[in-house]
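Let's take a friendly walk through this structure, one topic at a time. Please have the view ready.

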Amino acid sequence: MPPSPERQHTSAVEGDDRFATFEKVIHWFIAIAMLTLLATGLVLLVPALSEHLPRPLINRIHIDTGITATIVIILSLLGPWGRNLRGDLHELMIAPIDQLNSWTGIIGEWLHHAAPSKEGDRPEKFNVGQRLFTAAMSALAILAVLTGLALRTPGRIPLSIQGGAEFTHELVFFIIAVLVIGHIAKAVASIRAGRNARRNQRPL
Amino acid sequence: MESPRSDETGRRVGRRVFLSVLGAGVVTTLFGHDIAQTISGLANSGGFALGGFEIYTVTGSIPAIKTTTYRLKIDGRVAQPVELSYGDLRSMVQRDVTFTFTCVTGWTVPNTRWRGVRLADLIDQVRPHPEVHGLEFYSADGVYTDSLSLEEARQSNVLLAMDLDGKPISADHGAPVRLLVPSMYGYKSVKWLDRISFVPQQVPGYWEQRGYPVNATIS
């Protein structure tokens, strides 16, 4: 089965390397931005913390980090420099996970195994957990940005929607925090994932 | 764009998760206001405890006002305009009010205990002119304002609060003095209060000029 055009490009340019330098830079940029947003968000959410810290500065950092991260992520996906990232996104979002026949299958294969589609095929670039994590995080990030914008434009939208946006923004914060902690814990705990990341190889 | 293989054997789980989470987010945005109020209601009934206040400021900064230099100016159409220090306010009769603080965005904090001067006592002291029907409240942040009708301001539980839960209120909560209107949503309770002006008609405040209702009574 021929790979998609995006994958053809990735394979041609990068060979067996799992991620190009640009992809790795963007990954770590997003990681730092996400941790900054979670840390500042926690301070803004918990008055007991914000009373002992410069809240206006924390608020400014939270908003500026969110805006900057959004712009950088959008720009990173555009143009020729974003081809590999678009390929990754395609594989994560659109390409199938053949081994998933049921939700028990998802749990059973969760995180530890690559998702080879057929015997003899090249191993997939991402495992099941990474696919689900990225899919959920992408949607949550979009929700965080949209509801964050709604919080910055009070009075221009109905009160009930603004209240809902605040509720969703905070709910998204908690879900992202759990996912990020899980993501980091899995990355640290998995010897195989760490080895693959260091060697920049696809999971075998 | 879709891989041909997906039509044959694959399952587009990533996309399904993405769209499901996005859809759930839209639903919580549409109904989150009601959900938050329901959750707060459960908390108030003693089911479980939720966190505390969320802190808002419209200027992005929090005024740092020393009690030693604080002045509350009361002017407008009154027989006896006054300027009160923090010590003046502390020396007046202090009242206690305990209520559930309710934000218009949906969150609440149950059983908040406030202590301060009853606004009705100050109104009696300055003696407003007969044509007065409204009071404007100004924040020391230089931007935020809100207002009450004279009748609303005379409610016995409306305070110029200086203590919260037995301690002087913090800067985040509006120190050293904030307005407190228990029967209304929190945006009426102006923080860092430094001026009260008596006017013929009630004037829409900061949020009310941006769409919030002037009558903020909690339904």
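## Aromatic rings

Ring pairs join B:Tyr144, B:Tyr187, B:Tyr206, B:Trp207 and B:Tyr212 into a cluster; rings of Phe, Tyr and Trp (its six-membered ring) pair if their centres lie within 6.5 Å, with planes under 30 degrees apart counted as stacked, over 60 as edge-to-face and the rest as tilted. This is a predicted model, where local features need pLDDT of at least 70, side-chain atom pairs count only at pLDDT 80 or more, and totals for chains, interfaces and linings use all residues. Side-chain values use heavy atoms, leaving out hydrogens and water.

Over all chains, a search of the whole structure finds 7 aromatic pairs. In one of them, B:Phe99 and B:Phe101 have ring centres 6.2 Å apart and planes at 40°, so this pair is tilted.

## The open sheet

In chain B, an open sheet of 5 strands runs in the order 2-1-10-5-6 with mixed pairing. Strands are DSSP runs of E, at least two residues, numbered from the N terminus, and two of them pair if DSSP finds at least two bridges between them. Strand 2 (82–85) and strand 6 (145–149) of chain B each have a single partner strand, so one side of each is left without a neighbour in the sheet.

Strand 5 (residues 134–139) of chain B runs antiparallel to strand 6 of chain B, joined by 5 bridges. There, B:Tyr138 stands opposite B:Thr145.

Methods
Residues numbered from 1 in each chain as written. Chains lettered and ligands numbered in written order. Helix = DSSP H or I, 4+ residues; strand = E, 2+ residues; numbered from the N terminus.
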